[in-house]
Amino acid sequence: MGLFGKKRKKQGNGTLDRASDSTDQRHLIDFIKTRSGVEAYVEPKTTVTETTVMLIAHDGEWTRRRIDGPAGAFALGRKHNVPVYEVAKTGYPQRKRDFDARRKLEQQRNQ
């Protein structure tokens with residue numbers, strides 16, 4: 001028995017997360033088509049989540065969705081002419097951190 005009730009079962013893929021689906025793909029493609037300067041950052045699979053990809057636009061706006069492994073991220077990048085990086089090797093760009101800081105300030109001002 002888990003700490004808060006039923007024990008969560010791992011899925012057959014070895015994580016507690018669901019796999020990527022067509023909704024994830026549509027969201028990623030829409031983000032690419034509606035922003036400029038988009039780059040993709042592949043985030044590795046963990047025991048909790050499947051492989052994800054973070055798309056970051058020129059202004060630092062970002063989105064994250066599940067992807068069918070690193071190969072799926074690189075295929076998405078090739079298909080839509082988006083550079084793809086492995087975040088474990090490169091880290092996230094400064095513009096993402098700047099965007100998050102601006103958003104946090106805006107939220108604090110609106111409270």
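**View 1. The hairpin of E2 and E3.** Strands E2 and E3 form a hairpin, with five residues between them. In the turn, Gly60 has a positive phi of about 95°. The two strands run antiparallel, joined by five bridges. Strands pair if DSSP finds at least two bridges between them. Helices (H or I, at least four residues) and strands (E, at least two) are DSSP runs, numbered from the N terminus. Leu55 faces Thr63 of E3 across this pairing. The model is predicted: local features need pLDDT of at least 70, side-chain atom pairs count only at pLDDT 80 or more, and totals for chains, interfaces and linings use all residues. Residues are numbered from 1 along each chain as its sequence is written, and side-chain values use heavy atoms, with hydrogens and water left out.

**View 2. The open sheet.** Four strands make up an open sheet with mixed pairing, in the order E3-E2-E1-E4. Strand E3 (62-66) and strand E4 (84-86) are the edges, each pairing on one side only. From one strand to the next, the twist averages 25°.

**View 3. Strand E1 against E2.** E1 (residues 39-43) and E2 (residues 52-56) run antiparallel, joined by five bridges. Glu39 stands opposite Ile56 in E2. Ala40 has Leu55 as its bridge partner in E2.

**View 4. Two helices on the sheet.** Helix H1 (residues 22-34) packs on the sheet and touches E2 and E3. Contact means heavy atoms within 4.5 Å. The direction of H1 makes about 155° with that of E3. Axes are lines fitted to C-alpha atoms, for helices over the stretch in contact; angles run from 0 to 180 degrees between N-to-C directions. Helix H2 (residues 69-80) also packs on the sheet, touching E1, E2 and E4. Its direction makes about 155° with that of E4.

**View 5. Both faces of E2.** Five of the five residues of E2 are buried (under 20% relative accessible area; exposed is over 50%, partly exposed in between; 1.4 Å probe, protein chains only). Thr52, Met54 and Ile56 point one way, Val53 and Leu55 the other. In a regular strand, side chains alternate between the two faces of the sheet.

**View 6. The largest nonpolar core.** This core has 14 residues. Such a core is a set of buried Ala, Val, Leu, Ile, Met, Phe, Trp, Tyr and Cys residues joined through side-chain atoms within 4.5 Å. Val38, Val53 and Leu55 have the most contacts inside it. H1, E1, E2 and H2 each give two or more residues. H1 gives the most, with three. Leaving aside neighbours within four places in sequence, Leu55 is in contact with residues including Leu28, Phe31, Ile32 and Trp62.
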